[in-house]
Amino acid sequence: MATTNDIKNGTILDLDGELWQVLWFQHHKPGKGNTVVRTKIRNVVNGKVVDRTFPADTKIDMAYVDRQDMQYLYEDATGFVFMDTDTYEQLIVPEALVGDAKDFLLDGMMVNVATNEGNPLYIELPANVEMEVTYTEPGLQGDRSTGGTKPATLQTGREIQVPLFITTGERIKVNTSTGEYQGRVN
């Protein structure tokens, strides 16, 4: 049994039978009264983010989370299939847990999969991925004072904004957390 003094960013807590990930925490000592621990936590199943305050030294349950690198294989009706490259064990992660990350998953990509007692919780993608632009309109240079952008469709079907000089067939680097264009890939 741990206490609120053991909380750190990324810690997974078991509160009321649900798993919550600590996004931010702060020990706060008001002028009067007892010390409290303020937290911003996210439900690992549905993504709901809430603020929660605990009295200092309160006993809490911390959940054990196993994070391991796994290779993305394919998607089928049951979900997204990942494989442990050491043991060749396969794990199916439901689409609800993958969320918007599916727009950046490429066959064979290595991702970090977090599990609790064998049940998948969430996946962590690399910060940037290299993707091919499958379609974009030709860019026309007009009279503008700053660089313009245009929509482009990536190989996974995701549409993002890219600079006017990007053409169909080019490989670009995309930020997986924001979905923004980062640059060309040589």
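Predicted model: local features only at pLDDT ≥ 70, side-chain atom pairs only at ≥ 80, totals over all residues.

Colleague: How far apart do the C-alpha centres of domain 1 and domain 2 lie?

Modeller: Residues are numbered from 1 along each chain as its sequence is written, and side-chain values use heavy atoms, with hydrogens and water left out. The chain is divided into domain 1 (11-63), domain 2 (65-124) and domain 3 (128-184), with bounds from an automatic or database domain assignment. Between the C-alpha centres of domain 1 and domain 2 the distance is 27 Å.

Colleague: What area do domain 1 and domain 2 bury between them?

Modeller: Buried area is the accessible area (1.4 Å probe) that two parts lose on being put together, summed over both. Carbon and sulfur atoms hold 63% of it here, and the total for domain 1 and domain 2 is about 510 Å².

Colleague: How many salt bridges does the rule find across the interface of domain 1 and domain 2?

Modeller: The rule asks for a side-chain nitrogen of Lys or Arg within 4 Å of a carboxyl oxygen of Asp or Glu. Across the interface of domain 1 and domain 2, the number found is zero.

Colleague: Where does Asp57 lie?

Modeller: Asp57 has a positive phi, near 65 degrees, in a residue other than glycine. The strands here are DSSP runs of at least two residues, numbered from the N terminus. Asp57 is in the loop between strand E5 (49-55) and strand E6 (59-62).

Technical notes:
Helix = DSSP H or I, 4+ residues; strand = E, 2+ residues; numbered from the N terminus.
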